[in-house]
Amino acid sequence: MPAHVPNQVPERDRSRAADAVVTPVYLDYQATTPTDSRVVQVMLPYFTEIFGNPHSRSHAFGTAAETVVETARAQVAQIIGADAKEIIFTSGATEANNLAIKGIARFHQGDRSQIVTCATEHKCVLESCRALEQDGFTVTVLPVAANGLIDLDRLEAAVSEQTLLVTIMAANNEIGVLQPLAAIGAICRAKGAYFHTDAAQAVGKIPLDVTAMNIDLLSISAHKLYGPKGIGALYVRRRPRVRLAPLLSGGGQERGLRSGTLPTPLCVGFGSACVLAASTMEEEAHRLRKLRDRLFNGLVARLQHIYLNGDADRRLAGNLNLCFPGVDGEELMVRLRDLAVSSGSACTSASIEPSSYVLRALGLSNEAAHASLRLGLGRFTTEEEVDYAIERLAAEVNRLQARRSVDGWRRLGTVE
Ligand SMILES: *Cc1c(COP(=O)(O)O)cnc(C)c1O
(Lines give C-alpha, C1' and ligand atoms only; values in the text may rest on other atoms or scores of the structure.)
Protein backbone atom coordinates (compact mmCIF):
# COMPACT_ATOMS: atom_id res chain seq x y z
CA MET A 1 0.00 0.00 0.00
CA PRO A 2 1.47 3.40 -0.94
CA ALA A 3 2.35 5.57 2.03
CA HIS A 4 -0.14 8.29 1.17
CA VAL A 5 -3.22 6.05 1.38
CA PRO A 6 -4.48 5.65 4.95
CA ASN A 7 -5.31 2.14 6.07
CA GLN A 8 -9.00 1.57 6.49
CA VAL A 9 -9.05 0.06 9.98
CA PRO A 10 -11.49 2.02 12.13
CA GLU A 11 -9.55 3.76 14.85
CA ARG A 12 -11.92 2.80 17.61
CA ASP A 13 -14.64 0.27 18.05
CA ARG A 14 -17.89 2.15 18.41
CA SER A 15 -19.93 -0.97 19.14
CA ARG A 16 -18.70 -1.34 22.73
CA ALA A 17 -21.81 -0.05 24.48
CA ALA A 18 -20.11 -0.37 27.87
CA ASP A 19 -17.80 2.55 27.03
CA ALA A 20 -18.33 5.30 29.57
CA VAL A 21 -19.00 8.74 28.10
CA VAL A 22 -15.92 10.94 28.39
CA THR A 23 -16.75 14.60 29.01
CA PRO A 24 -16.82 17.19 27.70
CA VAL A 25 -18.66 15.57 24.80
CA TYR A 26 -17.60 17.20 21.55
CA LEU A 27 -20.66 18.33 19.60
CA ASP A 28 -19.12 21.12 17.54
CA TYR A 29 -18.06 19.35 14.32
CA GLN A 30 -19.02 22.37 12.18
CA ALA A 31 -16.40 24.49 13.98
CA THR A 32 -13.68 21.98 13.31
CA THR A 33 -13.00 18.24 13.34
CA PRO A 34 -10.14 16.33 14.94
CA THR A 35 -7.51 15.18 12.47
CA ASP A 36 -8.20 11.48 12.01
CA SER A 37 -5.34 9.55 13.63
CA ARG A 38 -4.92 7.54 10.41
CA VAL A 39 -4.34 10.82 8.60
CA VAL A 40 -1.82 11.94 11.22
CA GLN A 41 0.11 8.67 10.75
CA VAL A 42 0.32 9.28 7.03
CA MET A 43 1.57 12.85 7.59
CA LEU A 44 4.33 12.15 10.10
CA PRO A 45 7.26 11.11 7.84
CA TYR A 46 6.87 14.32 5.84
CA PHE A 47 7.89 16.49 8.80
CA THR A 48 11.25 14.84 9.29
CA GLU A 49 12.33 12.16 6.81
CA ILE A 50 10.93 13.47 3.55
CA PHE A 51 11.33 17.15 4.30
CA GLY A 52 12.46 18.49 0.93
CA ASN A 53 11.00 21.61 -0.63
CA PRO A 54 8.47 20.31 -3.16
CA HIS A 55 9.51 23.11 -5.51
CA SER A 56 13.21 22.10 -5.42
CA ARG A 57 13.19 19.87 -8.45
CA SER A 58 16.97 19.68 -8.80
CA HIS A 59 17.46 16.87 -6.27
CA ALA A 60 15.83 13.79 -4.78
CA PHE A 61 14.73 15.53 -1.57
CA GLY A 62 12.63 17.95 -3.56
CA THR A 63 11.24 15.50 -6.07
CA ALA A 64 10.22 13.05 -3.31
CA ALA A 65 8.16 15.82 -1.72
CA GLU A 66 6.82 16.96 -5.09
CA THR A 67 5.61 13.45 -5.91
CA VAL A 68 3.49 13.13 -2.77
CA VAL A 69 2.16 16.68 -3.09
CA GLU A 70 0.97 15.85 -6.61
CA THR A 71 -0.64 12.62 -5.37
CA ALA A 72 -2.44 14.64 -2.71
CA ARG A 73 -3.59 17.16 -5.32
CA ALA A 74 -5.15 14.35 -7.34
CA GLN A 75 -6.84 12.96 -4.22
CA VAL A 76 -8.37 16.36 -3.42
CA ALA A 77 -9.46 16.80 -7.04
CA GLN A 78 -11.14 13.41 -7.11
CA ILE A 79 -13.58 14.12 -4.29
CA ILE A 80 -15.22 16.94 -6.31
CA GLY A 81 -14.85 15.37 -9.76
CA ALA A 82 -12.09 17.77 -10.83
CA ASP A 83 -8.74 17.36 -12.53
CA ALA A 84 -5.56 17.60 -10.40
CA LYS A 85 -4.42 20.60 -12.48
CA GLU A 86 -7.49 22.50 -11.31
CA ILE A 87 -6.54 22.39 -7.60
CA ILE A 88 -4.68 25.33 -6.01
CA PHE A 89 -3.55 24.66 -2.44
CA THR A 90 -4.24 27.47 0.04
CA SER A 91 -4.05 27.88 3.81
CA GLY A 92 -7.75 27.10 4.20
CA ALA A 93 -11.21 28.04 3.00
CA THR A 94 -10.85 31.65 4.15
CA GLU A 95 -7.95 32.16 1.78
CA ALA A 96 -9.61 30.13 -0.98
CA ASN A 97 -12.74 32.29 -0.75
CA ASN A 98 -10.68 35.49 -0.81
CA LEU A 99 -8.68 34.26 -3.81
CA ALA A 100 -11.80 33.21 -5.70
CA ILE A 101 -13.79 36.39 -5.14
CA LYS A 102 -11.08 39.07 -5.16
CA GLY A 103 -9.01 37.16 -7.71
CA ILE A 104 -11.75 36.94 -10.33
CA ALA A 105 -12.89 40.52 -9.70
CA ARG A 106 -9.38 41.94 -10.07
CA PHE A 107 -8.68 39.98 -13.22
CA HIS A 108 -11.94 41.13 -14.82
CA GLN A 109 -11.94 44.72 -13.51
CA GLY A 110 -13.67 46.99 -16.03
CA ASP A 111 -15.61 44.07 -17.46
CA ARG A 112 -18.83 42.96 -15.73
CA SER A 113 -19.29 44.78 -12.44
CA GLN A 114 -21.87 42.93 -10.34
CA ILE A 115 -21.34 40.22 -7.72
CA VAL A 116 -24.27 38.22 -6.32
CA THR A 117 -24.09 36.50 -2.96
CA CYS A 118 -26.43 35.61 -0.12
CA ALA A 119 -27.09 36.83 3.44
CA THR A 120 -26.09 33.62 5.20
CA GLU A 121 -22.64 33.23 3.63
CA HIS A 122 -19.56 32.86 5.83
CA LYS A 123 -18.07 36.18 6.95
CA CYS A 124 -15.00 35.72 4.77
CA VAL A 125 -17.23 35.61 1.66
CA LEU A 126 -19.38 38.57 2.70
CA GLU A 127 -16.34 40.64 3.70
CA SER A 128 -14.49 39.80 0.47
CA CYS A 129 -17.50 41.01 -1.51
CA ARG A 130 -17.76 44.15 0.65
CA ALA A 131 -14.08 44.90 0.01
CA LEU A 132 -14.75 44.91 -3.74
CA GLU A 133 -17.35 47.66 -3.43
CA GLN A 134 -14.38 49.98 -2.93
CA ASP A 135 -13.15 48.93 -6.38
CA GLY A 136 -16.44 49.86 -8.03
CA PHE A 137 -18.23 46.52 -7.91
CA THR A 138 -21.92 46.33 -7.06
CA VAL A 139 -22.76 43.61 -4.54
CA THR A 140 -26.24 42.10 -4.43
CA VAL A 141 -26.93 40.18 -1.23
CA LEU A 142 -29.88 37.83 -1.71
CA PRO A 143 -32.13 37.12 1.27
CA VAL A 144 -33.00 33.55 2.29
CA ALA A 145 -36.39 32.02 3.07
CA ALA A 146 -37.35 31.01 6.62
CA ASN A 147 -35.84 27.57 5.97
CA GLY A 148 -32.46 29.11 5.07
CA LEU A 149 -32.61 28.37 1.34
CA ILE A 150 -32.24 30.93 -1.41
CA ASP A 151 -35.12 31.55 -3.79
CA LEU A 152 -34.07 30.47 -7.30
CA ASP A 153 -36.49 32.86 -9.02
CA ARG A 154 -34.98 35.71 -7.07
CA LEU A 155 -31.50 34.57 -8.01
CA GLU A 156 -32.47 34.36 -11.66
CA ALA A 157 -33.93 37.87 -11.52
CA ALA A 158 -30.79 39.23 -9.85
CA VAL A 159 -28.32 37.75 -12.36
CA SER A 160 -27.87 39.82 -15.51
CA GLU A 161 -25.37 40.55 -18.31
CA GLN A 162 -23.60 42.69 -15.71
CA THR A 163 -23.04 39.80 -13.29
CA LEU A 164 -19.44 38.64 -13.14
CA LEU A 165 -19.73 36.21 -10.23
CA VAL A 166 -22.35 34.41 -8.18
CA THR A 167 -21.01 33.11 -4.86
CA ILE A 168 -23.37 30.87 -2.90
CA MET A 169 -22.25 28.34 -0.31
CA ALA A 170 -22.86 24.59 -0.54
CA ALA A 171 -23.68 23.88 3.11
CA ASN A 172 -24.16 26.47 5.83
CA ASN A 173 -21.82 26.31 8.81
CA GLU A 174 -24.43 27.33 11.37
CA ILE A 175 -27.70 25.77 10.24
CA GLY A 176 -26.35 23.06 7.92
CA VAL A 177 -28.77 23.77 5.08
CA LEU A 178 -27.75 22.66 1.59
CA GLN A 179 -28.24 25.16 -1.23
CA PRO A 180 -29.39 23.82 -4.62
CA LEU A 181 -26.00 23.95 -6.34
CA ALA A 182 -26.94 22.32 -9.63
CA ALA A 183 -29.86 24.70 -10.15
CA ILE A 184 -27.69 27.70 -9.25
CA GLY A 185 -24.97 26.48 -11.61
CA ALA A 186 -27.48 26.17 -14.45
CA ILE A 187 -28.70 29.74 -13.93
CA CYS A 188 -25.13 31.08 -13.90
CA ARG A 189 -24.20 29.17 -17.03
CA ALA A 190 -27.26 30.46 -18.88
CA LYS A 191 -26.41 34.07 -17.95
CA GLY A 192 -22.67 33.78 -18.56
CA ALA A 193 -21.76 34.48 -14.93
CA TYR A 194 -19.06 32.59 -13.04
CA PHE A 195 -20.22 30.40 -10.15
CA HIS A 196 -18.17 30.08 -6.97
CA THR A 197 -19.25 27.95 -4.01
CA ASP A 198 -17.81 27.86 -0.51
CA ALA A 199 -17.97 24.10 0.05
CA ALA A 200 -16.01 23.99 3.33
CA GLN A 201 -18.86 22.23 5.13
CA ALA A 202 -19.95 20.07 2.21
CA VAL A 203 -16.85 18.39 0.81
CA GLY A 204 -16.62 14.84 2.09
CA LYS A 205 -20.14 15.02 3.49
CA ILE A 206 -22.31 15.15 0.37
CA PRO A 207 -21.53 14.17 -3.23
CA LEU A 208 -20.23 17.10 -5.27
CA ASP A 209 -19.41 17.20 -8.97
CA VAL A 210 -18.03 20.42 -10.41
CA THR A 211 -18.95 19.42 -13.97
CA ALA A 212 -22.52 18.29 -13.34
CA MET A 213 -23.14 21.33 -11.12
CA ASN A 214 -21.49 23.88 -13.45
CA ILE A 215 -19.21 25.09 -10.68
CA ASP A 216 -16.29 27.29 -11.81
CA LEU A 217 -14.63 27.88 -8.43
CA LEU A 218 -14.97 25.85 -5.22
CA SER A 219 -13.38 26.34 -1.79
CA ILE A 220 -12.37 23.51 0.55
CA SER A 221 -10.97 23.39 4.08
CA ALA A 222 -9.12 20.27 5.30
CA HIS A 223 -9.93 20.73 8.98
CA LYS A 224 -13.66 20.40 8.36
CA LEU A 225 -13.18 16.90 6.96
CA TYR A 226 -10.84 15.30 9.52
CA GLY A 227 -7.70 16.67 7.91
CA PRO A 228 -5.16 19.09 9.44
CA LYS A 229 -5.77 22.77 10.14
CA GLY A 230 -3.91 25.29 8.00
CA ILE A 231 -4.59 23.88 4.57
CA GLY A 232 -7.38 24.07 2.04
CA ALA A 233 -7.82 24.41 -1.68
CA LEU A 234 -9.48 26.37 -4.41
CA TYR A 235 -10.75 24.48 -7.43
CA VAL A 236 -10.31 26.64 -10.54
CA ARG A 237 -11.99 25.40 -13.72
CA ARG A 238 -9.68 24.86 -16.73
CA ARG A 239 -12.18 24.19 -19.52
CA PRO A 240 -13.28 26.85 -20.19
CA ARG A 241 -10.48 28.44 -18.25
CA VAL A 242 -11.33 30.69 -15.32
CA ARG A 243 -8.76 33.48 -14.95
CA LEU A 244 -7.83 34.97 -11.57
CA ALA A 245 -5.41 37.62 -10.36
CA PRO A 246 -3.25 36.26 -7.50
CA LEU A 247 -3.45 37.81 -4.03
CA LEU A 248 0.19 37.10 -3.16
CA SER A 249 3.34 38.19 -4.96
CA GLY A 250 6.23 35.76 -4.89
CA GLY A 251 7.82 32.75 -6.53
CA GLY A 252 4.81 31.94 -8.66
CA GLN A 253 3.98 28.54 -7.20
CA GLU A 254 0.58 26.96 -7.81
CA ARG A 255 0.46 28.10 -11.46
CA GLY A 256 1.19 31.65 -10.38
CA LEU A 257 -1.97 31.84 -8.30
CA ARG A 258 -0.57 31.18 -4.84
CA SER A 259 3.08 31.89 -4.18
CA GLY A 260 4.80 30.29 -1.21
CA THR A 261 6.31 26.91 -0.34
CA LEU A 262 3.69 24.21 -0.03
CA PRO A 263 3.46 22.50 3.39
CA THR A 264 4.10 18.91 2.29
CA PRO A 265 2.80 17.18 5.48
CA LEU A 266 -0.42 19.21 5.38
CA CYS A 267 -0.95 18.52 1.67
CA VAL A 268 -0.44 14.80 2.26
CA GLY A 269 -2.85 14.83 5.22
CA PHE A 270 -5.44 16.77 3.25
CA GLY A 271 -5.26 14.23 0.40
CA SER A 272 -5.57 11.30 2.80
CA ALA A 273 -8.52 12.91 4.55
CA CYS A 274 -10.29 13.24 1.18
CA VAL A 275 -9.66 9.57 0.33
CA LEU A 276 -11.04 8.49 3.72
CA ALA A 277 -14.06 10.77 3.52
CA ALA A 278 -14.91 9.67 -0.02
CA SER A 279 -14.70 5.98 0.85
CA THR A 280 -17.02 6.31 3.86
CA MET A 281 -19.30 9.18 2.79
CA GLU A 282 -22.56 7.35 2.18
CA GLU A 283 -22.33 5.03 5.14
CA GLU A 284 -21.24 7.82 7.45
CA ALA A 285 -24.04 10.14 6.33
CA HIS A 286 -26.52 7.36 7.06
CA ARG A 287 -25.04 6.74 10.52
CA LEU A 288 -25.00 10.45 11.36
CA ARG A 289 -28.54 11.01 10.15
CA LYS A 290 -29.73 8.28 12.52
CA LEU A 291 -27.78 9.76 15.43
CA ARG A 292 -29.00 13.26 14.66
CA ASP A 293 -32.62 12.11 14.49
CA ARG A 294 -32.15 10.25 17.78
CA LEU A 295 -30.85 13.47 19.35
CA PHE A 296 -33.66 15.60 17.96
CA ASN A 297 -36.43 13.12 18.76
CA GLY A 298 -35.02 12.56 22.25
CA LEU A 299 -35.13 16.29 22.94
CA VAL A 300 -38.56 16.77 21.41
CA ALA A 301 -39.89 13.98 23.66
CA ARG A 302 -38.52 15.71 26.76
CA LEU A 303 -39.12 19.37 25.97
CA GLN A 304 -42.31 21.28 25.36
CA HIS A 305 -40.74 24.22 23.59
CA ILE A 306 -38.12 23.45 20.98
CA TYR A 307 -37.77 24.42 17.33
CA LEU A 308 -35.43 23.39 14.57
CA ASN A 309 -33.74 26.26 12.72
CA GLY A 310 -33.24 25.68 9.00
CA ASP A 311 -34.76 23.18 6.60
CA ALA A 312 -35.47 19.78 8.21
CA ASP A 313 -34.51 17.70 5.17
CA ARG A 314 -32.11 19.70 3.04
CA ARG A 315 -29.36 19.85 5.64
CA LEU A 316 -26.10 18.17 6.60
CA ALA A 317 -26.60 14.78 8.26
CA GLY A 318 -24.54 15.89 11.28
CA ASN A 319 -26.11 19.28 12.02
CA LEU A 320 -28.88 20.48 14.30
CA ASN A 321 -29.52 24.10 15.11
CA LEU A 322 -32.11 24.32 17.84
CA CYS A 323 -34.07 27.12 19.39
CA PHE A 324 -35.10 26.70 23.03
CA PRO A 325 -37.52 29.60 23.48
CA GLY A 326 -37.11 31.54 26.68
CA VAL A 327 -33.57 30.30 27.26
CA ASP A 328 -30.42 32.37 26.99
CA GLY A 329 -28.05 30.30 24.87
CA GLU A 330 -24.97 31.71 26.59
CA GLU A 331 -26.33 30.84 30.02
CA LEU A 332 -27.28 27.39 28.80
CA MET A 333 -23.73 26.82 27.52
CA VAL A 334 -22.29 27.86 30.87
CA ARG A 335 -24.50 25.27 32.59
CA LEU A 336 -23.49 22.67 30.03
CA ARG A 337 -19.74 22.71 30.47
CA ASP A 338 -19.80 18.95 29.85
CA LEU A 339 -21.08 19.51 26.29
CA ALA A 340 -18.94 21.33 23.72
CA VAL A 341 -21.54 23.13 21.62
CA SER A 342 -21.76 26.51 19.97
CA SER A 343 -24.25 29.34 20.24
CA GLY A 344 -23.45 30.62 16.78
CA SER A 345 -20.59 30.50 14.34
CA ALA A 346 -17.20 30.00 15.97
CA CYS A 347 -15.80 32.19 13.23
CA THR A 348 -17.89 35.19 14.24
CA SER A 349 -17.80 34.72 18.00
CA ALA A 350 -14.42 36.45 17.93
CA SER A 351 -16.25 39.62 16.93
CA ILE A 352 -19.02 41.29 18.84
CA GLU A 353 -22.27 40.51 17.07
CA PRO A 354 -25.53 41.15 18.92
CA SER A 355 -26.76 37.78 17.62
CA SER A 356 -26.12 35.38 14.80
CA TYR A 357 -26.64 37.16 11.47
CA VAL A 358 -27.42 33.79 9.90
CA LEU A 359 -30.32 33.10 12.27
CA ARG A 360 -31.52 36.69 11.91
CA ALA A 361 -31.55 36.20 8.13
CA LEU A 362 -34.03 33.32 8.61
CA GLY A 363 -36.34 35.81 10.30
CA LEU A 364 -35.63 34.86 13.92
CA SER A 365 -35.94 37.64 16.49
CA ASN A 366 -32.84 38.69 18.39
CA GLU A 367 -34.15 36.80 21.40
CA ALA A 368 -34.87 33.62 19.43
CA ALA A 369 -31.39 33.77 17.92
CA HIS A 370 -29.93 34.09 21.43
CA ALA A 371 -32.00 31.08 22.50
CA SER A 372 -30.44 28.88 19.82
CA LEU A 373 -27.61 26.35 19.93
CA ARG A 374 -25.73 24.55 17.19
CA LEU A 375 -25.10 20.85 17.74
CA GLY A 376 -22.64 19.24 15.35
CA LEU A 377 -22.20 15.48 15.19
CA GLY A 378 -19.34 13.76 13.40
CA ARG A 379 -17.15 10.76 12.75
CA PHE A 380 -16.37 10.03 16.41
CA THR A 381 -19.80 10.75 17.88
CA THR A 382 -21.29 7.70 19.59
CA GLU A 383 -24.85 6.75 20.50
CA GLU A 384 -23.85 6.91 24.17
CA GLU A 385 -22.68 10.48 23.71
CA VAL A 386 -25.96 11.40 22.01
CA ASP A 387 -27.98 9.86 24.84
CA TYR A 388 -25.89 11.71 27.38
CA ALA A 389 -26.41 14.99 25.50
CA ILE A 390 -30.18 14.43 25.38
CA GLU A 391 -30.43 13.99 29.15
CA ARG A 392 -28.17 16.91 29.99
CA LEU A 393 -29.70 19.34 27.50
CA ALA A 394 -33.27 18.41 28.44
CA ALA A 395 -32.54 18.82 32.16
CA GLU A 396 -30.96 22.25 31.83
CA VAL A 397 -33.41 23.59 29.25
CA ASN A 398 -36.38 22.44 31.33
CA ARG A 399 -34.87 24.15 34.38
CA LEU A 400 -34.32 27.42 32.51
CA GLN A 401 -37.64 27.38 30.68
CA ALA A 402 -39.50 26.78 33.95
CA ARG A 403 -38.28 30.21 35.05
CA ARG A 404 -40.16 31.88 32.22
CA SER A 405 -43.83 32.26 31.67
CA VAL A 406 -45.19 30.30 28.78
CA ASP A 407 -46.66 33.51 27.34
CA GLY A 408 -44.94 34.69 24.27
CA TRP A 409 -43.05 31.50 23.53
CA ARG A 410 -44.74 31.18 20.19
CA ARG A 411 -43.65 34.69 19.40
CA LEU A 412 -40.10 33.98 20.50
CA GLY A 413 -39.83 30.80 18.51
CA THR A 414 -39.19 30.41 14.83
CA VAL A 415 -41.11 32.19 12.15
CA GLU A 416 -43.14 29.09 11.28
C1 LIG B 1 -14.76 26.90 8.41
C2 LIG B 1 -15.37 27.60 7.27
C3 LIG B 1 -14.64 28.55 6.55
C4 LIG B 1 -13.24 28.95 6.93
O5 LIG B 1 -12.35 27.90 6.70
P6 LIG B 1 -10.83 27.96 7.23
O7 LIG B 1 -10.18 26.81 6.55
O8 LIG B 1 -10.94 27.76 8.72
O9 LIG B 1 -10.27 29.26 6.85
C10 LIG B 1 -15.26 29.15 5.48
N11 LIG B 1 -16.51 28.84 5.11
C12 LIG B 1 -17.24 27.92 5.78
C13 LIG B 1 -18.61 27.60 5.32
C14 LIG B 1 -16.69 27.27 6.87
O15 LIG B 1 -17.42 26.38 7.53
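Predicted model: local features only at pLDDT ≥ 70, side-chain atom pairs only at ≥ 80, totals over all residues.
Residues are numbered from 1 along each chain as its sequence is written, and side-chain values use heavy atoms, with hydrogens and water left out.

**The chain as a whole**

- The protein chain has 13 helices and 12 strands, where helices (H or I, at least four residues) and strands (E, at least two) are DSSP runs numbered from the N terminus.
- Of the 416 residues in the protein chain, 56% count as buried; buried means under 20% relative accessible area, exposed means over 50%, and partly exposed lies in between, with a 1.4 Å probe and protein chains only.
- Among the contacts in the protein chain with a separation of 6 or more, 76% come from residues 24 or more positions apart, and contact here means heavy atoms within 4.5 Å.

**Helix 3 against helix 8**

- The axes of helix 3 (residues 60-78) and helix 8 (residues 264-302) come within 8 Å and cross at roughly 35°; axes are lines fitted to C-alpha atoms, for helices over the stretch in contact, and the angles run from 0 to 180 degrees between N-to-C directions.
- On the helix 3 side the meeting residues are Ala65, Val68, Val69, Ala72, Gln75 and Val76, and on the helix 8 side they are Thr264, Cys267, Val268, Phe270, Gly271, Ser272, Cys274 and Val275.
- The residues of this contact divide into 10 nonpolar, four polar and no charged, where Ala, Val, Leu, Ile, Met, Phe, Trp, Tyr, Cys and Pro count as nonpolar, Asp, Glu, Lys and Arg as charged, and the others, Gly among them, as polar.
- Leu299 is also found in helix 8, and at 0% relative accessibility Leu299 counts as buried.
- Not counting residues up to four places away in sequence, Leu299 touches Ile306, Leu322, Leu375, Ile390, Leu393 and Ala394.
- Leu299 and Ala389 are 90 residues apart in sequence, and their C-alpha atoms are 9.2 Å apart in space.

**The buried side of helix 7**

- In helix 7 (residues 181-191), the residues Leu181, Ile184, Gly185, Ile187 and Cys188 are buried.
- These residues are on the same side of helix 7 because they cover an arc of only 160° around the axis, the arc being that of the directions from the helix axis to the C-beta atoms.
- An α-helix has 3.6 residues a turn, so residues three or four places apart point the same way.
- The buried residues of helix 7 pack against helix 6 (152-158), strand 5 (163-167) and strand 6 (194-198).
- Just after helix 7, Gly192 takes a positive phi of about 75°.

**Ser219 in strand 7**

- Ser219 has its place in strand 7 (residues 217-221) and is buried, with a relative accessible area of 0%.
- The side chain of Ser219 makes a polar contact with the side chain of Asn97 at 2.6 Å; a polar contact is a pair of N or O atoms within 3.5 Å, and within protein one must be able to donate a hydrogen and the other to accept it, while residues adjacent in sequence count only if both atoms are side-chain atoms.
- Leaving aside its neighbours within four places in sequence, Ser219 is in contact with several residues, including Ala93, His196, Asp198 and Leu234.

**Loops and backbone details**

- The peptide bond from Thr23 to Pro24 is cis, with omega near -5°, and Pro24 is in the segment before strand 1 (25-26).
- The peptide bond from Arg239 to Pro240 is cis as well, with omega near -10°, and Pro240 is in the loop between strand 8 and helix 8.
- Glu254 lies in the loop between strand 8 (232-236) and helix 8, where Glu254 counts as buried at 8% relative accessibility.
- Arg255 is in the loop between strand 8 and helix 8, has a positive phi near 55° although it is a residue other than glycine, and is partly exposed, with a relative accessible area of 41%.
- Asn214, found in the loop between strand 6 and strand 7, has a positive phi of about 55° although it is not a glycine, and at 19% relative accessibility Asn214 counts as buried.
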